[in-house]
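Have a look at the screen.

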Amino acid sequence: MTDLDNGFFTAAQSGDVVEGDKLEVELENGDYVLLLRVSGTVFAVCADCPHQDTPLSEGMLDGLILTCPVHFWQWNIDTGDMLGPTELPLARYQVKEINGEIFVRTAAEL
Ligand code: FES
């Protein structure tokens with residue numbers, strides 16, 4: 001299902017996004033997003049590392065902290081803020097979870 005009126009695209013079924021795990025999906029508009037569930041809440045961020053486009057699905061998630069597998073830079077998936085000496089934010093997207101489905105809007109970052 002696509003909800004083009006407000007820019008949300010179906011991203012996954014709720015059961016596909018497991019607590020503490022990561023799921024990379026391609027939306028109907030061709031954007032790749034990484035879905036993560038922490039404490040029951042689903043977050044959506046850019047699937048590629050903002051440093052050198054490494055797939056963040058291969059990274060590590062510890063609570064709200066996502067670590068890139070290449071240079072181990074870290075981001076808070078709730079704020080998009082980078083932890084460390086530089087400021088290279090991670091794009092975050094709006095998420096809706098309704099009736100067992102997850103929808104993501106990438107048209108505007110949070
Ligand atoms: S490629 Fe991800 S931190 Fe360098």
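So, start with Glu 26, which stands opposite Tyr 32 in E4. When I say strand, I mean a DSSP run of E with at least two residues, while helices are H or I runs of at least four, and both are numbered from the N terminus. Before I go further: this is a predicted model, so local features need pLDDT of at least 70, side-chain atom pairs count only at pLDDT 80 or more, and totals for chains, interfaces and linings use all residues. Residue numbers run from 1 along each chain as its sequence is written.

Back to that pair. Strand E3, residues 22–26, pairs with E4 in the antiparallel sense over five bridges; pairing here takes at least two DSSP bridges between the strands. The two make a hairpin with five residues between them, and Gly 30 in the turn has a positive phi of about 90°.

E4 then carries on to E5: six bridges join these antiparallel strands. Leu 35 is the residue opposite Ala 44 in E5. This hairpin has two residues between the strands, and Ser 39 takes a positive phi near 55°.

How many of the seven residues of E4 are buried? Five are, so E4 is largely enclosed by the rest of the structure. Buried means 20 or more other C-beta atoms within 10 Å of the residue's own, exposed means 12 or fewer, partly exposed is in between, and the C-beta atoms are placed from the backbone.

Now for the inside. The largest nonpolar core has 28 residues, and those touching the most other members are Ala 11, Val 33, Leu 35, Ala 44, Val 45, Ile 102 and Val 104. A nonpolar core, by the way, is a set of buried Ala, Val, Leu, Ile, Met, Phe, Trp, Tyr and Cys residues joined through C-beta atoms within 7 Å. Strands E2, E4, E5, E10 and E11 each supply at least two residues of this core, and E5 gives the most, with five.

Take Ala 44 again. Leaving out residues up to four places away in sequence, Ala 44 touches Ala 11, Val 33, Leu 35, Arg 92, Tyr 93, Val 95 and Val 104. Contact means C-beta atoms, placed from the backbone, within 7 Å.

Val 25 sits in strand E3 and is buried, with 20 other C-beta atoms within 10 Å. Setting aside neighbours within four places, Val 25 is in contact with Ala 11, Ala 12, Val 33 and Leu 35.

There's another sheet to show you. Four strands form an open antiparallel sheet in the order E6-E7-E8-E9. E6 (60–62) and E9 (82–83) stand at the edges with a single partner strand each, so one side of each is left without a neighbour in the sheet. Three bridges join E7, residues 65–67, to E8, residues 74–76, and Thr 67 stands opposite Gln 74 in E8.

Zooming out, the chain has zero helices and eleven strands. Its radius of gyration is 13 Å, close to the 13 Å from the globule rule for 110 residues, so the chain is as compact as a globular protein of that length. That radius is taken over C-alpha atoms, and the rule is 2.2 Å times the number of residues to the power 0.38. Buried residues make up 31% of the 110.

Technical notes:
Two residues are in contact if their C-beta atoms, placed from the backbone, lie within 7 Å.
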